[in-house]
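Welcome, and take a moment to look around before reading on.

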Amino acid sequence: MPTYETLPRFTTDLDRLTPEQRRRFRQTVVAFVEDLRTGRFRAGLRVKRVHRAPGIYELTWSMGTGPAGRATWEYGPERRPGTPHVIWRRIGTHDILTGP
């Protein structure tokens, strides 16, 4: 199981989401974790690097009505050998990309 941590800004962003938006993010994380284990992300997660932010990635999913949900993250130092460690940075809509 991959390890993770959240930055304070991610926690603040997460608190601003509706319960439904948080539920959709948790569902997306299930697929994300499965893909971390295999080392290859499925196309539906739309994982890609954030332009002009070295080492930062974004993950995109549907939040139902309205704009798509996005979370930014980066790989951190492994806490357990051979196990990816993810640092969640931001979560919300496209607006979070101004300060990923």
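The radius of gyration used here is taken over C-alpha atoms, and the globule rule is 2.2 Å times the number of residues to the power 0.38. With 100 residues, a compact globule would have a radius of gyration near 13 Å, and the protein chain agrees because its own value is 13 Å. Please keep in mind that this is a predicted model, in which local features need pLDDT of at least 70 and side-chain atom pairs count only at pLDDT 80 or more, while totals for chains, interfaces and linings use all residues. Residues are numbered from 1 along each chain as its sequence is written, and side-chain values use heavy atoms, with hydrogens and water left out.

## The chain as a whole

Taken along the principal axes, the C-alpha atoms of the protein chain fill a box of roughly 40 × 25 × 25 Å. What secondary structure is there in the protein chain? The protein chain has 2 helices and 5 strands, and their pattern along the sequence reads β-α-α-β-β-β-β. Here helices (H or I, at least four residues) and strands (E, at least two) are DSSP runs, numbered from the N terminus.

Buried residues make up 41% of the 100 residues in the protein chain. Buried means under 20% relative accessible area, exposed over 50%, and partly exposed in between, with a 1.4 Å probe and protein chains only. A contact means heavy atoms within 4.5 Å. Among contacts between residues at least 6 apart in sequence, 48% join residues at least 24 apart.

## The largest pocket

Rolling a probe the size of a water molecule over the atoms shows where empty space is left. On a 1 Å grid over the protein atoms alone, a pocket is an open set of points where a 1.4 Å probe fits, with protein on both sides within 12 Å along at least five of seven lines; lining residues have an atom within 4 Å of a point. Grid points are joined across faces, edges and corners, and a volume is the space filled by probe spheres set on the points.

The largest pocket has a volume of about 230 Å³. Of the 14 residues that line the largest pocket, Tyr4, Phe25, Val29, Val33 and Trp88 are the closest to its centre. The elements that give two or more residues to this lining are β1 (3–6), α1 (8–16), α2 (19–38) and β5 (85–92). The largest share, 5 residues, comes from α2.

Which classes make up the lining of the largest pocket? By class, the lining has 12 nonpolar, 2 polar and no charged residues. In this scheme Ala, Val, Leu, Ile, Met, Phe, Trp, Tyr, Cys and Pro count as nonpolar, Asp, Glu, Lys and Arg as charged, and the others, Gly among them, as polar.

Arg70 has its place in strand β4 (residues 69–76). Is Arg70 buried or exposed? Arg70 is buried, because its relative accessible area is 16%. Its side chain makes a polar contact with the side chain of Glu58 (2.8 Å). A polar contact is a pair of N or O atoms within 3.5 Å; within protein, one must be able to donate a hydrogen and the other to accept it, and residues adjacent in sequence count only if both atoms are side-chain atoms. Leaving aside neighbours within four places in sequence, Arg70 is in contact with several residues, including Glu58, Trp61, Arg90 and Thr93.

Thr93 is found in the segment after β5. Not counting residues up to four places away in sequence, Thr93 touches Met63, Pro67, Ala68 and Arg70. From C-alpha to C-alpha, Thr93 and Arg24 are 13 Å apart in space, and they are 69 residues apart in sequence.

## Met1 and Thr83

Met1 is found in the segment before β1, and Thr83 lies in the loop between β4 and β5. Not counting residues up to four places away in sequence, Met1 touches Val33, Arg37, Arg80 and Thr83.

Most residues other than glycine have a negative phi, and most peptide bonds are trans. Arg46, in the loop between α2 and β2 (48–49), has a positive phi near 50°. Arg52, in the loop between β2 and β3 (57–61), has a positive phi near 60°.

| Residue | Relative accessibility | Class |
|---|---|---|
| Met1 | 60% | exposed |
| Arg46 | 43% | partly exposed |
| Arg52 | 87% | exposed |
| Thr83 | 15% | buried |
| Thr93 | 23% | partly exposed |
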